[in-house]
Every structure is written in C-alpha cells, then in structure tokens.
Amino acid sequence: MASGSEYEKIVYIYNTSLASMVQDLVNSYQLLLDDKFLAVQSSDATEDELKLFHSNSYIEFLNKVNNADCLEQFDDEQQAFGLGYDCPILDKNLQLVKTIAGGSISAAKILAGNKYKTAINWFGGWHHAQRGWRFKMLLYAAIKL
C-alpha cells in the first residue's frame, strides 16, 4: 500500500461529457488546482462490465431502446425493469448508464490499486438499482460496482 503525500491526494473522477452544477462549482473554487486533488477522466463502462452487476435482459432492453424513435412502444416492457413514471427512458439511455457506471468503476480501480485512499465520483450516486431493474430515479447499481 502506498503512503505519503501522493497517497493522501483525493482523486476526483470526472467525465467531460457530463456537465453539471457540481463540476461548475469545482471549477469556480479552483479545487483541481489544489495539490490535494488529482483529476482523473473516467472511462465508460463496457456492456460486459455492466453485465457483471445487471442482468443480460436489462442491458439488452437498454440496448433496444437506446436509439428507438418511439419510446412509447416500450411502455409495458419498461415496467418490468422498474422504468417509467419516475425514471423514464431517455434518448441514449444506455450511453448515459455506461458513462455514469464507468465513473464508479474507474474510482474502484483506482482505489484497488492502493496508490490513493480516496476517490470521489459525484456522478455515481444513482445507485439503488437491482440486478434486473432500477429503483426510484436510479439507472444502475453503482453500490455493487
């Protein structure tokens, strides 16, 4: 396990495709200019990585609706995966899931390498999903990651 000033740095996981108020605050306060922080660009999760934590049928469904022209045609099927009313299917939903889950996986890999003791992925809090469906406004199970 590493020690010293490098180990004490806080790794900040970010993704340039996700703009947010949090990222604006990080930039406004110039936190990433502080020697205590290390910014790391996340990588998107692969479908194989997602399938480690979610059922094949859930990922196949996200694939099917990812570029659909008419999302209403999936109203009945989406209910089986806990999608719908409070968590509607979005255009490019699968890409969003890959991006957000990829941040959590990137943070986990960094921590597993024992070079740093803290990693923050502010985009990774959407994590109360289960293997075959999501729960309340949450698209994927980051807690499992």
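Biologist: What makes E6 and K9 a salt bridge?

Modeller: A salt bridge is a side-chain nitrogen of Lys or Arg within 4 Å of a carboxyl oxygen of Asp or Glu. The closest N and O atoms of E6 and K9 are 3.5 Å apart, so the pair meets that criterion. This is a predicted model, in which local features need pLDDT of at least 70 and side-chain atom pairs count only at pLDDT 80 or more, whereas totals for chains, interfaces and linings use all residues. Residues are numbered from 1 along each chain as its sequence is written, and side-chain values use heavy atoms, with hydrogens and water left out.

Biologist: Why is E6 called partly exposed?

Modeller: Buried means under 20% relative accessible area, exposed over 50%, and partly exposed in between, with a 1.4 Å probe and protein chains only. E6 has 36% relative accessibility and therefore counts as partly exposed.

Biologist: How many salt bridges does the structure hold?

Modeller: There are five salt bridges in the structure. Among them is the one between K109 and E49, whose closest N and O atoms are 3.4 Å apart. This pair links distant parts of the chain, with K109 in helix α6 and E49 in helix α3 (residues 47-51), 60 residues apart. Helices (H or I, at least four residues) and strands (E, at least two) are DSSP runs, numbered from the N terminus. K109 is exposed, because its relative accessible area is 54%.

Biologist: What do K64 and E77 tie together?

Modeller: The side chains of K64 and E77 form a salt bridge of 2.7 Å, N to O. K64 belongs to helix α4 and E77 to helix α5 (residues 75-80), so the pair ties together parts 13 residues apart in sequence. K64 is partly exposed at 43% relative accessible area, and E77 is partly exposed at 31%.

Biologist: Why are α4 and α6 called oblique to each other?

Modeller: Helix α4 (residues 56-66) and helix α6 (residues 93-112) pack at an angle of about 130°, their axes 7 Å apart. Angles under 35 degrees count as roughly parallel, over 145 as roughly antiparallel, 65 to 115 as roughly perpendicular, and the rest as oblique. The two helices, α4 and α6, are therefore oblique. Axes are lines fitted to C-alpha atoms, for helices over the stretch in contact, and angles run from 0 to 180 degrees between N-to-C directions.

Biologist: Which residues of α4 and α6 meet?

Modeller: In α4, L62, N63 and N66 meet N93, L94, Q95 and V97 of α6, where contact means heavy atoms within 4.5 Å.
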